[in-house]
Structures are given as C-alpha cells and as structure tokens.
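Reader: I would like to go through this model by questions. Please show me the sequence and the structure before we start.

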Amino acid sequence: MNEKRPGGYYADRMHQNVAVRRLRTDELDRAIAMLRAKIPAATASNEAIHRVHRHNPDSIWGIFRRGEEGVPNAQILGFFCLLPMTEEGARQMREQTFNSSDPDVTLLVRQSERPTAVYFWAIVAEGLTVPAGPMIFIALGPNYEDVPLYVRPTTEAGLKRVQRSDFYRPVIEGRDKLYDLFSMARYPELDKLKEILGPAKPSTQVLESRIQIKVASTPAEMEMAMRIRAVYLVEQNCPYEEEYDGNDYCGTTFLAFWEGEPAGTLRVRYFGEFVKFERMTVLPRFRGRTTVAREIVKAAVAFCARKGFRKGYGHAQQHAMQFWARFGFKPIDTNRKLVFSDHEYIEFEGEFPVHDSPITMRADPYLLLRPEGRWDEEGVLDRSSTRPATNPH
C-alpha cells in the first residue's frame, strides 16, 4: 500500500523516476543558471556558491532522471543547496544575523562533520521536492539525522509550500510571510521514508527489466560479440581485416542481452587519461524498438567511472552524434579529417562523474581479484580463502 507523504505526493512512487547525487564542480554553473531563471530574488553570487561547494561538497545536490545520474553532462532536473552550520552559524541563524547572501564558510561544517543545523539555501525542484529531499538526507547519513532545519521562502510557491506544511513554524511568532525565517525540528518521518525509498539500485546491475549488460569473459561470449559485429561487414561493406583490427583482446567487450538473446556489443580500450569507445553494434531487429544502445553505453560509462577514469573519447558518423550527445559527449573542434573503412567520422569527447566508490589500490584485495564488472560479487578466489595456506611460513 502506498503511503501518502507530506505535500500530497506519493514519495515511494515518485522516487522510482528520480535519483540524487552531489553536484560536481563542472556542473555548478548549469545549476546556477537554473537558479537565476527560477529564483531571480536569489542574492548569493556565483563565486559565493562555488566557495561554499569547495568548502563542503555535501552542500549542493542535483536531481536527475533515475538511471541517467551517472552519464556525462546528465540533465539536471533540479537541485538543493544546503548550508550545514556550525554551532555559531546556527546561533546566528536563530538570531537572524547570519549573512545568507555571502556566507562565511567558517560558520559551515566540513564534509563528514555533523552540523548543528541546516539552512535550505536554495531549492529549485518543481514537483520534485518531496521525493528528492528525503533521498538527499538519507544519502547524507547519520550525521544529518535529527538536525534542525531552517528555510526562508523567497517565492510565493515556496511560501505556500512552507505554510501548508505541518512541520515548519515561524522562528518569530507572527512573522510568516515572504523572506521570514521558518524552522523545523528535524526532517519529518525520515525512518518511514527510509523504509519506503529503500536502497538505491547499483547502476551496473540490470538497467531495465528486459535488458542485461555484462562483460564478455568467456570464448563463447567473445564469439557472440564478433558475430554481432559481423552485421557491419554487410551493412557498411567493411573489409574483414578492418572490422577485426587486432584490438579485441586488449580492451573490454560489453554484451547486451534482450530477454536473454544477444542483441548488441560495445568495446572499450584504455589509455593513460581516457578510455575509447568503439565497435558499437546493435542487431537491426533491436534498433528503435528497444533501448539496448542506450543501456549498453550507460553501463560502459558507469564501469569506466568505477575503474577511476574521468574522460571518454570516440569516433562517430555525423548522423550518430545526436545519440552520443545524450551522454554528454561533444564533437572535438579540430580540423582533422577522419576517414576510415570508406566512411567519414567525427571525433567526440566527454567527461565522466566521479564514482562514489572508485576502485583504488586500497580496495579490498579480494575485490581486485574478481572478474571485471563483477567486483561486488563473491568470486572463486574469495571462496578459496577458506582453505588453509600450504606455505604458511
């Protein structure tokens, strides 16, 4: 049974369509442009917003379509700006001497520190406040539980939302208009919301009920990929030795399955500071009517980000650039003419978001022993650790 949330929304239903994460530095200007368009009365400068974000990256959270939060340059649907305050900052907020237009970052806690209070500095989230708010506070963790909250509405819509709430109270009795300060003892019903929202689904698992993406790790799976790619030998009249170029065993090959049937493939090769996407193929009967192409690229981007890479590069024919642009990739502005296998191509590039748990040398050594792309599953060498060592000395 769906439980109705404050504000008249069903948070458990709505959260299935959105995701939240901390905004990166390179995304802030896009968010700020939204702020200027939606809340013209906002007085904080761009520099002040960047300064707060540098001081504590937990201060600014973006809202995205679920499943797209990990792709480069994903569309930002909305965002929350929070000011997590020290004891002195909270005192100044209560006494209304705190300068929210140009916050003194010494009055804000650092990341991983528990704030005394949180001020909702700005919220641009039309229709998304109810699902996104609790998701953000759940992601922030125990440090933000039972922390008092403050808000100063600067739009009529924001004021109505606060006035309709059963939780907010004016800090000064009778002062309940625009630009007045309201407070709330804690985020409401967070424990119930945790049960409703549940844990986030890893982006590298099945991305759609009918699609599965996996790394080709056996001769049979590599054969599947090779046979899928053979479609281009016919469609583009590509010479055999140019399609199978000798690079298939020095990169990672992804396979997409539609209802268990091999449907598409993509190859990734690794260079010092970037990865190269190439040899993407979807069988004709799965084009248009399925999302195989989109899901295999999303999975590959998440995979590369988990491995610590931040940049991607590739070649695409002109008509395909619209597809790659959906993942934040843009043509590289060069004068280089790129023609191979009788077709003209465009170079493109894009940047990945920082993964929440990238694999490093300090990772669990058993994780580093597991098959590619299955790092969070127990591997055969995990199980072998239960046997006693034969060379204990």
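Reader: How many of the 8 residues of strand 4 are buried?

Author: This is a predicted model. Buried means under 20% relative accessible area. Strand 4 is largely enclosed by the rest of the structure, because the buried residues in it number 7 of 8.

Reader: In what order do the 7 strands of the open sheet lie?

Author: The pairing in this open sheet is mixed. Strand 3 and strand 4 run antiparallel, while strand 4 and strand 5 run parallel. The 7 strands follow the order 1-2-3-4-5-7-6.

Reader: How many bridges join strand 3 to strand 4?

Author: The two strands run antiparallel. One of the pairs sets Phe79 against Val124 of strand 4. The bridges between strand 3 and strand 4 come to 7.

Reader: Which residue stands opposite Tyr150 in strand 7?

Author: Strand 5 (residues 149–151) has 3 bridges to strand 7 (residues 182–184), and the two run antiparallel. Strand 5 also has 3 bridges to strand 4, in a parallel pairing. On the strand 7 side, the residue opposite Tyr150 is Ser183.

Reader: At what angle does helix 3 run to strand 4?

Author: Helix 3 covers residues 46–55. It lies across strand 2 (60–65), strand 3 (78–85) and strand 4 (117–124). Its angle to strand 4 is about 135 degrees.

Reader: Which strands does helix 5 touch?

Author: Helix 5 (residues 129–140) packs on the sheet. Its direction makes about 45 degrees with that of strand 1. The strands in contact are strand 1, strand 2, strand 3, strand 4 and strand 5.

Reader: Is Glu27 buried or exposed?

Author: Glu27 forms a salt bridge with Arg30, and their closest N and O atoms are 3.9 Å apart. Arg30 is partly exposed, at 31% relative accessible area. Glu27 has a relative accessible area of 0%, so it is buried.

Reader: How many residues apart are Glu243 and Arg279?

Author: Glu243 and Arg279 form a salt bridge, with the closest N and O atoms 3.6 Å apart. Glu243 sits in helix 10 (residues 240–243), and Arg279 sits in strand 11 (residues 275–282). The pair links distant parts of the chain, with a separation of 36 residues.

Reader: Which residues are linked with Glu243 and Arg279 in a network of salt bridges?

Author: Glu243 counts as buried because its relative accessibility is 5%. The model's count of salt bridges comes to 32. Linked with Glu243 and Arg279 in the network are Arg229, Asp245, Asp248, Arg267, Arg269, Lys276 and Glu278.

Reader: What is the relative accessibility of Glu377?

Author: Glu377 forms a salt bridge with Arg374, the closest N and O atoms being 3.7 Å apart. Arg374 counts as partly exposed, at 33% relative accessibility. Glu377 also counts as partly exposed, and its value is 44%.

Reader: What is the area of the nonpolar surface patch that includes Leu381?

Author: Leu381 lies in helix 14. At 39% relative accessibility, it counts as partly exposed. Tyr366, Leu369, Val380 and Leu381 make the patch. Helix 13 (365–369) and helix 14 (380–384) each give two or more residues to it, and its area is about 370 Å².

Note on methods. Residues numbered from 1 in each chain as written. Predicted model: local features only at pLDDT ≥ 70, side-chain atom pairs only at ≥ 80, totals over all residues. Heavy atoms only, no water. Patch = residues over 30% accessible without salt bridge, like charges linked within 9 Å, V, L, I, M, F, W, Y side chains within 5 Å. Areas by Shrake-Rupley, 256 points an atom, 1.4 Å probe, with all protein chains shown as cover. Salt bridge = Lys/Arg side-chain N within 4 Å of Asp/Glu carboxyl O. Helix = DSSP H or I, 4+ residues; strand = E, 2+ residues; numbered from the N terminus. Buried < 20%, exposed > 50% of the residue type's maximum accessible area, 1.4 Å probe, protein only. Pairing = 2+ DSSP bridges. Contact = heavy atoms within 4.5 Å. Axes fitted to C-alpha atoms, helices over the stretch in contact; angles between N-to-C directions.
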